[in-house]
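Please follow this explanation with the sequence and the three-dimensional view side by side.

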Amino acid sequence: EAGVAQSPRYKIIEKRQSVAFWCNPISGHATLYWYQQILGQGPKLLIQFQNNGVVDDSQLPKDRFSAERLKGVDSTLKIQPAKLEDSAVYLCASSLGSSVRTDTQYFGPGTRLTVL
Amino acid sequence: GDSVTQMEGPVTLSEEAFLTINCTYTATGYPSLFWYVQYPGEGLQLLLKATKADDKGSNKGFEATYRKETTSFHLEKGSVQVSDSAVYFCALTEGNQGGKLIFGQGTELSVKP
């Protein structure tokens, strides 16, 4: 079974530039998550989708971050404009969506963003 | 809000030593508990999980028991190997929060031959 795919794996940009990350979840998984992992910390949720609807975006800095999940499959996370503090690893995860409390979330390899 | 606290690292052990990584949590509801592992250069992988009190999760020689009375989910392994060197994250999901994982800060384990 193919895992969660993410691209690119690495990205270096200047502050105030824009960047986009792509995620393809495991086939059949209804729930998709984007997490931000700052060096030395645990991941923190940015946004959660159930099919193509947003379940939780309370921690998403909406003035600069946006995300969409077209047709309930692939997802794109965008940052515009980027700030130095956005330097982090952006992780995509997916789960079946049958039970939010007990489902296992499967993670992609992440995209490491460096903002200079 | 809900939170997870792990013992600070790095933890350095010799091969075949006994491992314990402490994890305690605070939750308003009834969470499921997870241990994820991140090997160097790789993504997060589920190591084990437990979804109700007194459940024991186990995998690859690692185990952890969901202790509701002490709000703990400590990770143990009887004999570590060099290949166990990684960062270990304790996490919880709570149904009222939509299923998002709340992670501890991670504990880096280094096993020396």
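A:Gln6 is placed in strand S1 of chain A, residues 5-7; strands here are DSSP runs (E) of at least two residues, helices (H or I) of at least four, both numbered from the N terminus. The model is a predicted one, in which local features need pLDDT of at least 70 and side-chain atom pairs count only at pLDDT 80 or more, while totals for chains, interfaces and linings use all residues. Residues are numbered from 1 along each chain as its sequence is written, chains are lettered from A and ligands numbered from 1 in the order in which they are written, and side-chain values use heavy atoms, with hydrogens and water left out.

With a relative accessible area of 8%, A:Gln6 counts as buried; the term means under 20% relative accessible area, with exposed meaning over 50% and partly exposed in between, for a 1.4 Å probe and protein chains only. Its side chain has a polar atom 3.1 Å from the backbone nitrogen of A:Cys92, and it also reaches the backbone nitrogen of A:Gly110 at 2.9 Å. Not counting residues up to four places away in sequence, A:Gln6 touches several residues, among them A:Trp22, A:Trp34, A:Tyr90 and A:Pro109. Contact here means heavy atoms within 4.5 Å.

The aromatic rings come next. A pair of aromatic rings is described by the distance of the centres and the angle of the planes. Rings of Phe, Tyr and Trp (its six-membered ring) pair if their centres lie within 6.5 Å; planes under 30 degrees apart count as stacked, over 60 as edge-to-face and the rest as tilted. Over all chains, a search of the whole structure finds 13 aromatic pairs. One of them joins A:Tyr35 and A:Phe107, a tilted pair with 5.5 Å centre to centre and 45° between the planes. Because A:Tyr35 belongs to strand S4 (residues 31-37) of chain A and A:Phe107 to strand S10 (residues 106-107) of chain A, this pair ties together parts that are 72 residues apart in sequence. A:Tyr35 is buried at 0% relative accessible area, and A:Phe107 is buried at 10%.

In chain B, the ring centres of B:Phe89 and B:Phe103 are 6.1 Å apart and the planes stand at 90°, so this pair is edge-to-face. B:Phe89 lies in strand S10 (residues 86-93) of chain B and B:Phe103 in strand S11 (residues 101-103) of chain B, so the pair ties together parts that are 14 residues apart in sequence. B:Phe89 is buried, with a relative accessible area of 2%, and B:Phe103 is buried at 10%.

The charged end of A:Arg101 sits over the ring of B:Tyr30, 4.9 Å from its centre, and B:Lys68 lies over the face of B:Tyr30 at 4.6 Å from the ring centre. The criterion is that NZ of Lys or CZ of Arg is within 6 Å of the ring centre and within 35 degrees of the ring normal.

Which parts of the two chains meet? In total, 21 residues of chain A are in contact with 23 residues of chain B. The area buried between chain A and chain B is about 1,700 Å², of which carbon and sulfur atoms give 50%; buried area is the accessible area (1.4 Å probe) that two parts lose on being put together, summed over both. Between chain A and chain B there are 10 residue pairs in polar contact, both residues at pLDDT 80 or more. S4 and strand S5 (44-50) of chain A each supply at least two residues of the side of chain A that touches chain B, and S4(A) gives the most to that side, with three residues. A:Asp86 forms a salt bridge with A:Arg64, the closest N and O atoms being 2.5 Å apart. A:Asp86 is buried at 3% relative accessibility, and A:Arg64 is buried at 10%.

Terms used: A polar contact is a pair of N or O atoms within 3.5 Å; within protein, one must be able to donate a hydrogen and the other to accept it, and residues adjacent in sequence count only if both atoms are side-chain atoms. A salt bridge is a side-chain nitrogen of Lys or Arg within 4 Å of a carboxyl oxygen of Asp or Glu.
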